Amino acid sequence: MNRLLFLALASVLLMLSCGGKKETAPAEETPVDTMPQAIQDTVAEDTLEQLIAQTPMPRAADELFDDFLFNFSANRQLQMERVAFPLPVIRNGKTTYTSKNEWRMERFFMRQDFYTVLFDNDQQMELVKDTSVSEATVEKIYFNTGAVMQYQFKRVKGAWMLLEIKTEPIAANHNASFLEFYHQFVTDSIFQIESIGHTVRFVGPDPDDDFARMEGILTPDTWPAFAPELPDRMIYNVVYGKATRDSKQKIFVMRGIANGLEVEMTFRCEDERWQLVKLTN
């Protein structure tokens, strides 16, 4: 996400690597580097959560929602303090309330190595760095069930708080048209090729120079060689401020968590048809 995330992850990796340099290990323990990958991942996740839980969230982290969300997702104690219990949960027009004892830790995308966000334009992307933003919504978009869970946060007396969870159908979401298109785009290879503009602007690393960028044009014929792997079951979105509707452009951003992944895809809707017009990675 930002420097707070990278510093935390770097600290965890350093701790794990130092532990792996011991000459001998107790008989009852298994060295980290000989564990199956899934167990190693769990060790790293648990160590990261312990590290963050032991470190008080900086007051400055309440200024930007991204900074707060990272801490909220990784620090159990902080999360319990920042949920307004009893929490209203709205589904199918009915409201129930979740008590503190019933709450389960919500880690959002911390258990995967990337997250996704949708923007309408470059100006909207700048809201990520805007300290005046006082409300935000984290959306979990489930294509298998056709539902969107919306976690609605507001800054109350300078502190971000989760105030409500609401579930709505994808068809009722402010990004409904694009989300329906996106799901078909990532699950239907023929439709994907048909949704590539005649020419797609490409911006990416120069294979001949590690410090340079290159620009070019992709066509439907060359697209398969450059097509990124995209999530097809569930994606996240973060709405900074108020959601907007009926936008004819969507910028789909997929960013890695401390792994350097960066994919930005710009789509435009003309004559009720969405098409990819730009790919940046």
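Let me start with Lys157, which sits in the loop between β5 and β6. Strands here are DSSP runs of E with at least two residues, helices are runs of H or I with at least four, and both are numbered from the N terminus. Before going on, a word on the source: this is a predicted model, in which local features need pLDDT of at least 70 and side-chain atom pairs count only at pLDDT 80 or more, while totals for chains, interfaces and linings use all residues. Residues are numbered from 1 along each chain as its sequence is written, and side-chain values use heavy atoms, with hydrogens and water left out.

Back to Lys157. Its phi is near 50°, a positive value in a residue other than glycine. As background, most residues other than glycine have a negative phi, and most peptide bonds are trans. Is Lys157 buried or exposed? Lys157 counts as exposed, at 87% relative accessibility. The cut-offs are under 20% relative accessible area for buried, over 50% for exposed, and partly exposed in between, with a 1.4 Å probe and protein chains only.

Phe108 also has a phi near 50°, again a positive value in a residue other than glycine. Phe108 is in the loop between β2, residues 94-98, and β3. Phe108 is buried, with a relative accessible area of 7%.

That residue leads into the core. A nonpolar core here is a set of buried Ala, Val, Leu, Ile, Met, Phe, Trp, Tyr and Cys residues joined through side-chain atoms within 4.5 Å. The largest nonpolar core has 31 residues, and those with the most contacts inside it are Phe65, Phe108, Phe119, Val138, Phe153, Leu162 and Tyr240. Which elements each supply at least two residues of this core? They are α3 (65-74), β3, β4 (135-142), β5 (147-156), β6 (159-169), β9 and β10 (249-256). The largest share, four residues, comes from α3.

There is also one peptide bond to point out. Phe85 and Pro86 are joined by a cis peptide bond, with omega about -10°. Pro86 lies in the loop between α4 (76-81) and β1 (87-91).

Next, the cavity. A cavity is a set of points, on a 1 Å grid over the protein atoms alone, where a 1.4 Å probe fits but cannot get out; lining residues have an atom within 4 Å of a point. Grid points are joined across faces, edges and corners, and a volume is the space filled by probe spheres set on the points. By this rule there is one cavity of 30 Å³ or more. The largest cavity holds about 120 Å³ of space. Its lining has 15 residues, of which Leu118, Gln124, His174, Val238 and Val239 lie nearest the centre of the cavity. β3 (114-119) and β9 (234-240) each supply at least two residues of that lining, and the largest share, four residues, comes from β9. By type, the lining divides into seven nonpolar, five polar and three charged residues. In that count Ala, Val, Leu, Ile, Met, Phe, Trp, Tyr, Cys and Pro are nonpolar, Asp, Glu, Lys and Arg are charged, and the others, Gly among them, are polar.

Asn175 is in the loop between β6 and α6, and counts as buried at 4% relative accessibility. Asn175 and Phe119 are 56 residues apart along the chain, and their C-alpha atoms are separated by 9.9 Å. Helix α6 (residues 176-187) has twelve residues and reaches 17 Å from its first C-alpha to its last, close to the 16 Å expected at 1.5 Å a residue. That expected span is 1.5 Å times one less than the number of residues. Buried residues in α6 are Ala176, Phe178, Leu179, Phe181, Tyr182, Phe185 and Val186.

Last, some strand pairing. Two strands pair if DSSP finds at least two bridges between them. β7 (residues 196-206) and β8 (residues 209-218) pair in the antiparallel sense over seven bridges, and they form a hairpin with two residues between them. β7 is also joined to β12 (residues 273-280), by four bridges, and that pair runs parallel. Val203 has Glu215 as its bridge partner in β8 and stands opposite Thr280 in β12. Ile196 has Leu276 as its bridge partner in β12.

What about β11 and β12? Seven bridges join β11 (residues 262-270) to β12, and the two run antiparallel. Glu264 stands opposite Thr280 in β12. β11 and β12 form a hairpin with two residues between them, and Asp271 in the turn has a positive phi of about 55°.

Technical notes
1 Å grid on protein atoms, 1.4 Å probe; cavity = no way out; pocket = protein on both sides within 12 Å on 5 of 7 lines; lining within 4 Å.
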